[in-house]
Amino acid sequence: MIRMGGRRAASRTLFLLLLLGAGLLYAGCGGDDGVAAVAVETVAVTPPRPILRWMGPAFVRPVDRELVARCGKEVGIAIELLPAPANPVDRLGLYLQFLPAESDDIDLIDFDVVWSGTLAPHLLDLNPHLTAEERGQYFPIYLENNSVGEALVGLPQMGDVGLLYYRTDLLEKYGFEAPPDTWSELEEMAAAIQAGERGENAEFWGYVWQGNVYEGLTVNALEWQASMGGGLIVDAEGRLALDDVAAGALDRAAAWVGAISPESVTVFQEEDARWQFQNGNAAFMRNWPYAYGLGQAEDSPIRDRFGVTRLPRGEGTEGRHASVVGGQQIGVSRYSRYKDTAADAARCLTDARAQRRRALADGTPPGIAVLYEDGDVKARIPAAAQIAESLAEHAVARPAAMTGGYYTEISLVYFIEVNRVLTGEQDGASAVARVGEQVAAWLE
Ligand code: GLC
C-alpha cells in the first residue's frame, strides 16, 4: 500500500513537472475541474523570463539540443524546448487554442507546410528579419508555400518531397534498363514484375503508395493531378481549379487498386507502404526521403537493392514530373514578448549551418539548395542528388497559402472524396464535382 502511494505520489510529481512545460497550454481554459486547478498551481513555479520557448520537434534528438544551445547563445536569450504532441492534428489543435488567445507563452512553433495559411494570422512576417541573401538560400518552393499575402510566416528546417523508390535488382531481372519516366512506363513495369514475382511470392505487388483517408492521400492525389496537367484543387488566386484532367488522374489511380497495387492501399499510410516495399514485397513505392535510410539499414531485406528517382510524369504535352513538398517549418508567434529575438532564433535554427548539422547528425535532407553540393552532406545522404532535383525542379506545394485558413477543411473534403474513388464508390468526375460543391463556401 505504502509503495503504491509512493508511486502514485511520484507519478503525480512527474505529471506536475510535465505540466510545467505544458501548463501554459491551459492558461485561459476556464472551468473548475481538476486539471484547471493543477494548471493554476504550476503557473507560480514557471521559470522567470526572459527565455524563448519553442514548441519544436515531437521527438527531440541530440542535434536539436545542440542547436537550441548554440542559437540561444547567438541571439542572447536561452531557448527552451517544450514537449509537443507527436500527432500533427493534436499539434494544430493545441496551436489553435493558445494562438487565438494571444498567449505570449510560446515564442516559436514548428508547423507542417500545410498550415501556413491557417496559422498566418498569428505569425510574424519574417521578411524584415532576413537579408535577400538569407532568404534566397531556401528552396523557392518553401518561400512560395510559406508566403501568405506579403508575409513570410515560416522558414523550412528541412527538405521533404515525394520520390519514386524502385528495386534495381528486379528492374534488371525483368530487362528494364532504367526506372520509369512516365506513368505508363510505371504501369507496364509494375505489371510485368508483379506477374513474374507472384509465382514465388503471393504477397508481391507492383506499386505501393498512400491511399488512406488522411493528408497523405491529398499529397499523392495532387501529385497524380499535377503530373498529368490537372489543377491542384485551387489555383494561385484561390479559385476552384478541379477539372477533367484531375478527374481522369483519379480514375487512373483507382484502376491501379487491385491491379498493380493491393486493395489495402486504400488504407495505407507511409509506413504501410514502406513495410511492403522494405520487406521485398513491391517493385515500386511512392514515399518521402526518410524511407531511404531505413531501407538501407543493415537488417533491411532490400539493402543495396533499390534506388530513388523523381516521380513519373504524365504523358502528352501537359505531362510533367510533380512532387509535393512537405516538412516542418518554424514560425514566430505574433504575441511573443521577444519578437525580434525570436525571429533571429528562427533564422539561426534553420540556416545553412543548422541544416548542415541536421543532415550530418541524422541524415535529414536540407531545405537549402547549396548544401546538396557539400561533400559531407552528399556522403551522409546517398539520395541527395535526387532529392535536390525534385525540390528544385519538380516541387509543387499544396494550396495551403491561398485558401484563407481553410486548407485543413478543404483537404479533408478532398481526401474523403478521392478515397471513395479509389474504393470504387464513385468516379473521378463525381469526386471533382462533389469537392467543388463542398469547398465553394470556403473559397468565397
Ligand atoms: C510528411 C510531410 C508532411 C505531410 C505528411 C503527409 O510528414 O512532411 O508535409 O503533410 O507527410 O502524410
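Guide: The ligand is surrounded by Asp112, Val113, Val114, Asp160, Glu215, Gly216, Val219, Trp288, Gly326 and Gly327; a residue is near a molecule if its C-beta atom, placed from the backbone, lies within 6 Å of it. This is a predicted model, in which local features need pLDDT of at least 70 and side-chain atom pairs count only at pLDDT 80 or more, while totals for chains, interfaces and linings use all residues. Residues are numbered from 1 along each chain as its sequence is written.

The shell around the ligand comprises four nonpolar, three polar and three charged residues. In this division Ala, Val, Leu, Ile, Met, Phe, Trp, Tyr, Cys and Pro count as nonpolar, Asp, Glu, Lys and Arg as charged, and the others, Gly among them, as polar. Domain 1 (51–159 + 327–392) and domain 2 (162–325 + 400–443) each supply at least three residues of the shell, the domain bounds coming from an automatic or database domain assignment. Among the elements, α10 gives the largest share of the shell, three residues; helices (H or I, at least four residues) and strands (E, at least two) are DSSP runs, numbered from the N terminus.

Helix α10 (215–227) is also one of the elements against which the buried residues of α18 pack, together with α5 (116–119), α11 (244–256) and α19 (428–439). Here a residue is buried if 20 or more other C-beta atoms lie within 10 Å of its own, with C-beta atoms placed from the backbone. Helix α18 (residues 407–422) has 16 residues and reaches 22 Å from its first C-alpha to its last, close to the 22 Å expected at 1.5 Å a residue. Its buried residues include Tyr407, Ile410, Tyr414 and Val418. Just after α18, Gly424 adopts a positive phi of about 85°.

Turning to the strands, all five residues of β8 (residues 163–167) are buried, so this strand is largely enclosed by the rest of the structure. Leu163, Tyr165 and Arg167 point one way from β8, and Leu164 and Tyr166 the other way. Strand β8 pairs in the antiparallel sense over four bridges with β10 (residues 282–287), and likewise over four antiparallel bridges with β11 (residues 306–309); pairing requires that DSSP find at least two bridges between two strands. Tyr165 has Met285 as its bridge partner in β10 and Val308 in β11.

Conventions. The expected span of a helix is 1.5 Å times one less than its number of residues. A residue is buried if 20 or more other C-beta atoms lie within 10 Å of its own, exposed if 12 or fewer, and partly exposed in between; C-beta atoms are placed from the backbone. Two residues are in contact if their C-beta atoms, placed from the backbone, lie within 7 Å.
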